[in-house]
Amino acid sequence: MVSAKEPAIAMSSGLSIALLHCLCLATCLTGPPGPSKKEEKLWPENFTSILNSLLDGYDNRLRPGFGGPVTEVKTDIYVTSFGPVSDVEMEYTMDVFFRQTWVDKRLKYDGPIEILRLNNLMVSKVWTPDTFFRNGKKSVAHNMTAPNKLFRIMRNGTILYTMRLTISAECPMRLVDFPMDGHACPLKFGSYAYPKSEMIYTWTKGPEKSVEVPEESSSLVQYDLLGHTVSTETIKSITGEYIVMTVYFHLRRKMGYFMIQTYIPCIMTVILSQVSFWINKESVPARTVFGITTVLTMTTLSISARHSLPKVSYATAMDWFIAVCFAFVFSALIEFAAVNYFTNIQMEKAKRKTVKSLLEFPVAPIPRERSTEETLTNTDANSNVRKRTNATVQSEADGGSRIDTRHSSIQPPSVAQGSSDITSHSLSASSPNPFTRINASETLSSARATPPAPPSTPILTGFVSQHATAGSPSIQHLLGSRLEQIQTTTPNTLGASAKPSAVTPPAPPASHSGTSKIDKYARILFPVTFGAFNMVYWVVYLSKDTMEKSESLM
């Protein structure tokens, strides 16, 4: 019985052992879940321990590889906003993300992640390049709401350091071709303390892709951003040789503003000044106003054009254009002065010639017909006529004197003088009827003394007959048949006196009104010259390459 139970016990114990082995194997393959959770809770502690271990014994006063190889700093720039550009200050402003990358083997670590993304507090605890902008006038690092800095450490010790900056940099401008000019505004940066024997700069993505300027980032009003170029140069100083990285931003000025504000007004002012050539030269006030107004307008335009420019000592392209326009306007004013001067000279010459010809023209002497006067006196013996004459002397004396005075005031000088002579002579003579004697003598002498009037003096035509027949009706009644005898005798006398002197009267002076020859020439010369100047000016400057060359391309 005993021998039969032993194999059964042995089999059951073997099965139990096999089951235990299976359970142990399953337990080992699956593993307990407790240890994985415990390991996840230790990750932040691992990062802290990693950072502490990296900074343990780290001296941020020493550059990476101090005393050994040269530290290489790779840079690239992303422009978020470009502009504005100031011509007066010769500077430009832009907002950029400035990135620097270098390797610091002291910051290598072994951890569960590839990159440690840290904030700006870590920046002050490690070494960073002392990069500065050589041509920067003012640079601002943004700190709102926190310092805009990015700091990352890779597992192999590579460090990425990015900051947001607003940079105002100097842009030297040569404004000879203003406003058709172009400029290459540089941005230069490098190390302030480390020479090239200790630290060098390179471009992260190569010279072509390391600087990015999106189209929407350009906020320029007066310029077009054509592109950019990069270069690397070495600058020598007393403390050593330094690597300088340079970016040239190529800008070309827009001409729309200057065409509207300066060029078109100047052209219109010159055209307005040339309108005065078509105004009659006798219109002195109108032409004077044209000249002075256009000169003052050009002066105002030249002053306003200089407000948007620095006070350079050389002339720009716009200055030359304004100067030529001013010369045209001023020449138009001088042209009118010349026209007025020569016109006055011609008028003076004509007056002197007329006076000289009048002086050379012989004047027929005025004969004194005493026989006629005696005949009139002797034949006036009729007592009835004398009585009527004496009776009307008192009533007509005042009226006759007024008539004589009125006629003498409108007589020409020669006739008035002759009449006054004869009248004074007649008044001095004694006569029983002085009124009749005075009027008859004055009428006769006036008719004989008046020469035939030239064509240029129509006012004297018919003056003798008017003077002889004019007067009160009482005078005509008193003279009667004697007045008719005088009027019939006068033409014969005048004809006899005019026959010996066959001298023709001088011609009237020529009229000086109208257009001057200088104005006729100016109407053609000024517009043609101004048009030729504009053609040459615009062809030269628009076909000329006015873009400034960067130093890297020289």
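User: Are F321 and W538 buried or exposed?

Analyst: Both F321 and W538 are buried, a term that requires under 20% relative accessible area, whereas exposed means over 50% and partly exposed lies in between, with a 1.4 Å probe and protein chains only. The model is predicted, so local features need pLDDT of at least 70 and side-chain atom pairs pLDDT 80 or more, while totals for chains, interfaces and linings use all residues. Residues are numbered from 1 along each chain as its sequence is written, and side-chain values use heavy atoms, without hydrogens and water.

User: Why is the pair of F321 and W538 called tilted?

Analyst: Rings of Phe, Tyr and Trp (its six-membered ring) pair if their centres lie within 6.5 Å, and planes under 30 degrees apart count as stacked, over 60 as edge-to-face and the rest as tilted. The ring centres of F321 and W538 are 6.1 Å apart and the planes stand at 55°, so this pair is tilted. By this rule there are 30 aromatic pairs, and ring pairs join F321 and W538 into a cluster whose members include F328, F530 and Y541.

User: Why does this pair tie together parts that are 217 residues apart in sequence?

Analyst: F321 belongs to helix α7 (residues 317–360) and W538 to helix α15 (residues 517–543), so their pairing ties together parts 217 residues apart in sequence. Helices (H or I, at least four residues) and strands (E, at least two) are DSSP runs, numbered from the N terminus.

User: How do you know that the charged end of R523 sits over the ring of W278?

Analyst: The rule asks for NZ of Lys or CZ of Arg within 6 Å of the ring centre and within 35 degrees of the ring normal. The charged end of R523 is 4.2 Å from the centre of the W278 ring, and R174 likewise lies over the face of Y314, at 5.2 Å from the ring centre.

User: What makes β4 and β11 edge strands?

Analyst: Two strands pair if DSSP finds at least two bridges between them. The open, antiparallel sheet has the order β4-β8-β12-β11, and the strands β4 (131–133) and β11 (223–237) each pair on one side only. Strands β8 (residues 182–191) and β12 (residues 240–253) pair over nine bridges, with L187 opposite V247 in β12.
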